[in-house]
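Hi everyone, thanks for making time. I'd like to walk you through a structure that may be new to you, so let's get it up on the screen.

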Amino acid sequence: MSSRSMHIGLRARERLYINGAVIRVDRKVSIELLNDVSFLLEAHVMQPEETTTPLRQLYFAVQMIMIDGADNRSARSIAAGLIASLDRTLINPDIRIGLRAVEAQLAAERPFDALKTIRSLFPVEAGVLGGLIAA
């Protein structure tokens with residue numbers, strides 16, 4: 001994120017994850033973030049039961065990097081292991097290019113960008129897995 005302020009609108013009972021803290025509002029509010037923070041809106045948070053594919057597992061690990069805040073070594077280790085495993089087992093060039101981008105984004109301390117990259121690969125993964133199941 002840049003150093004500009006950012007306005008976020010939240011609905012009643014919606015959660016916002018900021019630098020490892022979970023905030024839930026009791027009514028519709030608008031929040032202005034005045035400095036650089038790592039945050040996730042509840043709509044972008046994947047629940048454990050949704051980690052049904054390898055890329056969804058990677059998404060969850062990267063999400064935990066953001067949610068865990070400064071104490072994210074374990075999540076980083078899991079994400080690195082998943083990237084290495086996926087790189088060894090998948091031959092789809094789009095996914096492999098995406099994995100390189102995710103690695104670079106994590107190295108540059110840009111986990112939100114890594115989440116966006118992983119989300120963009122979900123349809124590719126679905127096609128690959130669909131082909132494996134049909135075979």
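Here's a question to start with: among contacts in the protein between residues at least 6 apart in sequence, what percentage join residues at least 24 apart? The figure is 49%. Keep in mind that what you see is a predicted model.

Okay, the overall picture. The protein has four helices and five strands. If you start at the N terminus and read along, the order is β-β-β-β-β-α-α-α-α. The C-alpha trace spans about 50 × 30 × 25 Å along its principal axes. Of the 135 residues, 34% are buried.

Now for the pairings themselves. Strand 2, residues 15-18, and strand 3, residues 21-24, are antiparallel and share four bridges. Leu16 sits opposite Ile23 in strand 3. These two strands make a hairpin with two residues between them, and in that turn Asn19 has a positive phi of about 45°. On to strand 5: three bridges join strand 2 to strand 5, again running antiparallel. If you want a spot to look at there, Tyr17 stands opposite Leu40.

Next up, charges. How many salt bridges does the structure hold? Eight. One of them joins the side chains of Asp26 and Arg27, at 3.5 Å from N to O. Asp26 counts as exposed because its relative accessibility is 55%, and Arg27, at 53%, counts as exposed too.

Then there's a network of salt bridges linking Asp87, Arg96, Arg100 and Glu103. Inside it, Asp87 and Arg100 meet at 3.0 Å, N to O. That pair links distant parts of the chain, with Asp87 in helix 2 and Arg100 in helix 3, residues 93-107, 13 residues apart. Arg100 also has a salt bridge with Glu103, at 2.7 Å, N to O. Glu103 and Arg100 are three residues apart in helix 3, so about one helical turn separates them. As for accessibility, Arg100 is at 36%, so Arg100 counts as partly exposed. Glu103 is at 35%, so Glu103 is partly exposed as well.

While we're on helix 2, which is residues 73-89, have a look at Ala80. Ala80 has 45% relative accessibility, so that's another one in the partly exposed class. Its C-alpha is 18 Å from the C-alpha of Ile91, which is 11 residues away along the chain.

Last stop is Glu125, in helix 4, residues 111-134. What the side chain of Glu125 does reach is the backbone nitrogen of Leu55, at 2.8 Å. Setting aside neighbours within four places in sequence, Glu125 is in contact with Thr53, Pro54, Leu55, Arg56 and Ile95.

That's the tour, so over to you for questions.

Terms used: Residues are numbered from 1 along each chain as its sequence is written. This is a predicted model: local features need pLDDT of at least 70, side-chain atom pairs count only at pLDDT 80 or more; totals for chains, interfaces and linings use all residues. Side-chain values use heavy atoms; hydrogens and water are left out. A polar contact is a pair of N or O atoms within 3.5 Å; within protein, one must be able to donate a hydrogen and the other to accept it, and residues adjacent in sequence count only if both atoms are side-chain atoms. Contact means heavy atoms within 4.5 Å. Two strands pair if DSSP finds at least two bridges between them. Buried means under 20% relative accessible area, exposed over 50%, partly exposed in between (1.4 Å probe, protein chains only). A salt bridge is a side-chain nitrogen of Lys or Arg within 4 Å of a carboxyl oxygen of Asp or Glu.
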